Amino acid sequence: MPEFVGAIDQGTTSTRFMIFNHDGGEVAKFQLEHEQILPRAGWVEHNPIEIWTRTSAVIQSTLQRSGLQASDLAAMGITNQRETTVVWNPRTGRPYYNAIVWQDTRTDRIAAALDRDGRGQVIRDKTGLRPEAYFSGGKIQWILENVDGVREAVDRGEAVFGNTDTWVLWNLTGGVNGGVHVTDVTNASRTMLMDLDTLDWDDELLSFFGIPRRMLPEIRPSSDPAGYGVTSGAGLSSGEVPITAILGDQQAATVGQVCFSPGEAKNTYGTGNFLLLNTGTTPVRSKSGLLTTVAYKFGDQPAVFALEGSIAVTGSAVQWLRDQLHIITSAAQSETLARQVQDNGGIYFVPAFSGLFAPYWRADARGAIVGLSRYNTDAHLARATLESICYQSRDVVEAMQQDSGVVLDVLKVDGGVTANDLCMQLQSDILGVPVSRPVVSETTALGAAYAAGLAVGFWRDTDELRAHWAQDRRWEPTWTAEQRETGYAGWKKAITKAFDWSETD
């Protein structure tokens with residue numbers, strides 16, 4: 001059997017390809033960013049063609065740099081930014097519109113209208129989600145209603161939908177020459193169109209958005225021994241690789257952090273933050289502003305569910321300091337700058353660029369920096385930015401405790417922001433619990449690789465995967481209880497200042 005497994009990680013700001021060995025160790029990777037298209041306030045788009053060309057390029061570059069060939073890979077998995085919506089012509093391979101990104105708020109009014117006549121409660125009951133611009137259903141509806149000719153193209157069988165997992169898979173398996181139109185249960189559970197009880201598209205939900213079923217991909221398990229197809233693109237001329245796993249990025253990180261038992265949780269720090277708590281094979285309905293979602297489904301085993309707290313802007317707030325304010329030149333510099341001061345100097349930064357997600361769900365919120373005085377410097381703003389990441393995570397942890405009764409003994413963390421040691425220390429201080437980072441911090445790609453390898457017997461079972469998990473660093477709380485609660489009280493006050501800035505129906 002080949003000695004390695006590959007994983008495509010198609011994220012919000014970049015795409016990478018990673019290769020792992022049997023011990024779950026990183027062998028090689030390559031990553032490329034793609035353009036963030038911002039046509040107007042609240043709109044966020046990506047170019048699907050650019051995403052595919054970047055995907056092809058990172059696969060080729062990783063193999064070339066490592067000296068490996070496609071035949072060295074036992075299987076390949078795909079993980080992706082969830083909810084980001086692509087509609088394209090399967091006969092030409094051309095998208096009808098840019099990908100509408102999960103952060104985009106243009107469909108606020110569609111979401112708000114669903115709650116006015118009772119349809120919102122049906123969505124909550126069937127999908128475990130809230131009617132929000134965040135999810136794919138409203139984005140598909142917007143494209144159908146606002147892009148000329150798309151609805152007619154659907155009737156002709158010339159317009160299909162997919163999140164970026166489906167778009168990448170379709171291209172990777174041949175595109176116009178027989179590309180596979182498939183998604184998995186984790187991505188389907190983020191559309192507002194799939195019933196959690198049946199794990200299938202629901203006709204009533206489809207009718208709410210005016211979406212024809214024929215444009216939707218087939219829903220399959222997250223790890224599938226039958227596979228979804230084999231690579232026939234991306235320059236893999238040295239051989240075909242079976243594609244046997246698809247997981248939304250946060251579910252993939254849950255697998256990568258080996259959270260296979262109810263009560264185990266992880267927090268991923270990327271463009272946004274996403275905290276998932278495994279709740280077992282029975283969905284737990286949230287009463288505290290969280291989402292119920294599919295964590296993973298391996299083959300013919302029952303689906304495993306999770307409670308999720310989704311935060312829209314965390315790592316991208318650091319990116320904003322770099323790209324819009326230009327007070328840093330790299331993400332790593334945010335730590336250096338923030339260490340110049342001992343505290344936030346009394347200021348709080350609420351980065352509600354696209355409204356607030358869990359547990360507030362305020363589409364009317366917008367970013368706010370409060371408590372400013374002449375004393376404050378760019379270093380205070382950098383520190384307040386890092387603190388905002390941690391305070392938003394505490395909001396979600398407290399909601400999760402209310403819903404599940406689970407009090408975390410330790411928070412497992414992963415993602416790019418975990419390289420910021422100061423931010424992780426602040427997270428431990430603000431939560432009052434230890435924070436643990438694994439040796440392989442890019443657990444999103446690792447989880448996709450694990451799921452792909454399980455499908456082909458590269459790894460025997462989840463117990464073998466658990467044995468591979470190892471801690472790289474652990475942070476213990478240093479703040480007093482008084483510091484912690486005083487800081488959090490300031491944050492809760494600051495949050496209210498971000499409300500009621502954007503008009504929504």
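**Reading cavities and a helix pair**

Guide: In this predicted model, the largest cavity has a lining of 15 residues, and those nearest its centre are Thr105, Asp108, Ala133, Ser354 and Phe357.

Visitor: How much space lies in the largest cavity, and where does such a value come from?

Guide: The general idea is that a probe the size of a water molecule, rolled over the atoms, shows where empty space is left. Here, the largest cavity holds about 80 Å³ of space.

Visitor: How many cavities of 30 Å³ or more does the count give?

Guide: The count gives 3 cavities of 30 Å³ or more.

Visitor: How do the residues lining the largest cavity divide by type?

Guide: The lining comprises 7 nonpolar, 4 polar and 4 charged residues.

Visitor: Turning to helices, at what angle do α2 and α3 pack?

Guide: An angle from 65 to 115 degrees counts as roughly perpendicular. Helix α2 (residues 108-116) packs against helix α3 (residues 119-127) at about 95 degrees, and their axes are 4 Å apart. The two helices are therefore roughly perpendicular to each other.

Visitor: Which residues make the contact?

Guide: From α2 come Ala113, Leu114 and Asp115, and from α3 come Arg119, Gly120, Gln121, Ile123 and Arg124. By type, the contact residues are 3 nonpolar, 2 polar and 3 charged.

Visitor: Which domain does UniProt place at residues 266-455?

Guide: The UniProt entry, which is unreviewed, places "Carbohydrate kinase FGGY C-terminal" there. In the model, residues 266-455 are 36% helix and 21% strand, and the end C-alpha atoms of the span lie 23 Å apart.

Methods:
Residues numbered from 1 in each chain as written. Predicted model: local features only at pLDDT ≥ 70, side-chain atom pairs only at ≥ 80, totals over all residues. Heavy atoms only, no water. UniProt positions renumbered as here; feature names shortened; annotations may be inferred. Axes fitted to C-alpha atoms, helices over the stretch in contact; angles between N-to-C directions. Parallel < 35°, antiparallel > 145°, perpendicular 65-115°, else oblique. Contact = heavy atoms within 4.5 Å. Nonpolar A, V, L, I, M, F, W, Y, C, P; charged D, E, K, R; others polar. 1 Å grid on protein atoms, 1.4 Å probe; cavity = no way out; pocket = protein on both sides within 12 Å on 5 of 7 lines; lining within 4 Å. Points joined across faces, edges and corners; volume = space filled by probe spheres on them.
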